[in-house]
Amino acid sequence: MTASISTAMDNLSAAHKSNIIPNQEYLLQGSVLDSSVEVLLHRLRGLCDNVDSGPESFYDHEICYSIRRGSSQETPLLLRARRSVEQSMSDMPWQLRYIGTPEVDKSRPTIVRSSIDIATSNTVVDFLNELGCKVDYEYTMRGYIFRKGRMKIIVSKIIKVNQMNKAPEGMSDMITQSYLVELSVLASSGQDAIAEDMRIFAEQLRPLVQLEKIDYKR
């Protein structure tokens, strides 16, 4: 068993050094009013892959955690636990995600941030609570996923979680009168050329939505 674990760690280390592990997310974000979202969805159906089958719908519940690694002055470690709340997807595993500090480089067309996703068991929430993680906020997202090659486009409505910590049945707890639009690619380090492809694709969605680099520090 010890030898197997050692071999697995060696393989993981070698893969990391070879830059074949997708550990960086290239990201652009924007929003579109409810009154214009159908026009945007129609445009995406024409631009993205799998035109005949249409976009993939989703309905997820996400809990955002933070944990301090040292002094209170240090930036906390951010983790996100997400699961599907659709009845047909109730047996799907939780997804745990680490997101690093976004890098807003003026020479790059997109934000770049460290990102690692793993599938976990349904006890991950209890584990994070026992670990000392603090729940910063939680919400549900309902919307559509489009794909264009390696690019993923998400158009989603952000909805409040009710007082019973359950996802609402309807759309009555919407946070805003608009949809969040995210264009992203998960890739290994050093693949900055994909950012230019994302910029070109984002230009095709104007003026319906303006996808930008959001500076979270401002």
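**Exercise 1.** In what order do the elements of the protein run from the N terminus on?

*Solution.* The model is a predicted one, and its secondary structure comes to 4 helices and 8 strands. Read from the N terminus on, these elements run α-β-α-β-β-β-β-α-β-β-β-α. As for contacts with a separation of 6 or more, 67% are accounted for by residues 24 or more positions apart.

**Exercise 2.** Determine where the buried residues of helix H3 (residues 124-131) lie around its axis, and what covers them.

*Solution.* Begin with the list of buried residues in H3, which holds Val 124, Val 125 and Leu 128. Seen down the helix axis, these buried residues fall within an arc of 100°, so they line one face of H3. An α-helix has 3.6 residues a turn, so residues three or four places apart point the same way. On the other side of H3, Asp 126, Phe 127 and Glu 130 are exposed. The cover over the buried residues of H3 includes strands S2 (56-67), S3, S4 (94-99) and S5 (111-120). After H3 comes Gly 132, which has a positive phi, near 100°.

**Exercise 3.** Is Arg 83 buried, partly exposed or exposed, and which residues beyond its neighbours within four places in sequence does Arg 83 contact?

*Solution.* Locate Arg 83 in strand S3 (residues 77-84). Its relative accessible area is 35%, and because buried means under 20% and exposed over 50%, Arg 83 counts as partly exposed. Once neighbours within four places are left aside, Arg 83 is in contact with Tyr 59, Asp 60, His 61 and Trp 94. For Tyr 59, which is 24 residues away from Arg 83 along the chain, the C-alpha separation is 8.7 Å.

Note on methods: Residues numbered from 1 in each chain as written. Predicted model: local features only at pLDDT ≥ 70, side-chain atom pairs only at ≥ 80, totals over all residues. Heavy atoms only, no water. Helix = DSSP H or I, 4+ residues; strand = E, 2+ residues; numbered from the N terminus. Buried < 20%, exposed > 50% of the residue type's maximum accessible area, 1.4 Å probe, protein only. Contact = heavy atoms within 4.5 Å. Arc of directions from axis to C-beta.
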